[in-house]
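Biologist: Hi! I'm new to this one, could you walk me through it?
Modeller: Happy to, let's have it on screen.

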Amino acid sequence: MKFNLTAQDPLSKARAGEITTDHGTIQTPIFMPVGTAGTVKAVHQRELKTDIQAQIILGNTYHLYLRPGLNTLENAGGLHKFNGWDGPILTDSGGYQVYSLTEVRKIKEEGVTFRSHIDGSKHLFTPENVMDIQRIIGADIIMAFDECTPYPCDYQYARRSIDMTHRWLKRCCDRFDSTEPKYGYSQTLFPIVQGSVYKDLRVKSAEVIASYEREGNAIGGLSVGEPAEEMYEMTEIVCNILPQQKPRYLMGVGTPVNILENIALGIDMFDCVMPTRNARNGMLFTKNGIINIKNEKWKNDFSAIEEDSDLFADKNYTKAYLRHLIHSGEMLGAQIATLHNLHFYLWLVKEARKKIIAGEFYNWKNMMVNRLGQRL
């Protein structure tokens, strides 16, 4: 994997770049649609490519490991062949999913034992086997196995947790570096900065992560319920330490406003279930603010979903029709809303990139932040 920085905003830390993988080039800043179980919910791969114009998507190690399972994925020739997506894929390590199974998991030095949410069967994730699992899934970018601390989190717990995450990282790197990709294209490993909302722990973790000199770095544990201001403060601290010439990925973030503010702090890559999950509940993110399409006010609004959009679904369906579909529980409603939200998120980061290259990002960002957060 290669990363080239192509532009830097004069009034902020925002930057535009290009990540080159064996499955294609990714222009940053970028938003990555989340395809938890091998699919971005309600969206065809063709729509992802042509309508949404996604450049990279996510898979989830925990979910794919449990279902369809490693045998099926390996027999298919990896996730790209299995799901028909020929662009880059990133897999998260399952650390976050395992962390969220608080009732049915145990964390110890060896790794994490947990029970499947599907059938209750018992499993063990270690730094080593999580590297092996992600090799088999076949992602272009794979994540180190870490512990994602909850919020709020006691200082001593957070300190012990980052120390273990760093020990696990050493084991991840040793395993990754002693194994080969399975399907004839290269893979790269990103470590993850943790440390909850404690400045000294974030500094320490960022320094350790930077010292590994991997091709890219991630920041975890900042989408677990902390106030946005604390997220921004921790992100700024970490971005000042992580190397300039490598991509920085802020995991699990966030709203359109979160994305713009974090681009301004030097983040290059984002993912979040928000555009897809909220779409299925009737929440639309638009260039002028947030629409709850279930509201009565849209019942007789026969204007296009987003007037100046180039997305077929935005131009050809009305707000009233989409409201009817969502209220009726029609699958097409979830599909249209999902297409809209993902297209909007990709439009937003593409526009941010254009403004960075033009040297106009900072003022545009401030104007958009005021607009995007309002309820319509």
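Modeller: Let's start with helix 6 (residues 127-137) and helix 7 (residues 155-177), whose axes come within 8 Å and cross at roughly 45°. Helices here are DSSP runs of H or I with at least four residues, strands are E runs of at least two, and both are numbered from the N terminus. Axes are lines fitted to C-alpha atoms over the stretch in contact, with angles from 0 to 180 degrees between N-to-C directions. This is a predicted model, where local features need pLDDT of at least 70, side-chain atom pairs count only at pLDDT 80 or more, and totals for chains, interfaces and linings use all residues. Residues are numbered from 1 along each chain as its sequence is written, and side-chain values use heavy atoms, leaving out hydrogens and water.

Biologist: Which residues of helix 6 and helix 7 meet?
Modeller: Pro 127, Glu 128, Met 131, Asp 132 and Arg 135 in helix 6 meet Trp 168, Arg 171, Cys 172, Arg 175 and Phe 176 in helix 7 (contact means heavy atoms within 4.5 Å). That contact divides into 5 nonpolar, no polar and 5 charged residues. Here Ala, Val, Leu, Ile, Met, Phe, Trp, Tyr, Cys and Pro are nonpolar, Asp, Glu, Lys and Arg are charged, and the others, Gly among them, are polar.

Biologist: New topic: what volume does the largest pocket have?
Modeller: About 720 Å³. On a 1 Å grid over the protein atoms alone, a pocket is an open set with protein on both sides within 12 Å along at least five of seven lines; a cavity is a set of points where a 1.4 Å probe fits but cannot get out, and lining residues have an atom within 4 Å of a point. Points are joined across faces, edges and corners, and a volume is the space filled by probe spheres set on them.

Biologist: And which residues are closest to the centre of that pocket?
Modeller: Of its 35 lining residues, Tyr 96, Gln 97, Gly 252, Asp 271 and Val 273 are the closest. Helix 11 gives the largest share of the lining, 5 residues. By class, the pocket lining has 13 nonpolar, 16 polar and 6 charged residues.

Biologist: How many cavities of 30 Å³ or more are there?
Modeller: The count is 5, and the largest cavity has about 60 Å³. Helix 14 (residues 331-358) supplies the largest share of that cavity's lining, 4 residues.

Biologist: What about the second largest cavity, how much space lies in it?
Modeller: About 40 Å³. Its lining includes Trp 168, which also takes part in the helix 6 and helix 7 contact.
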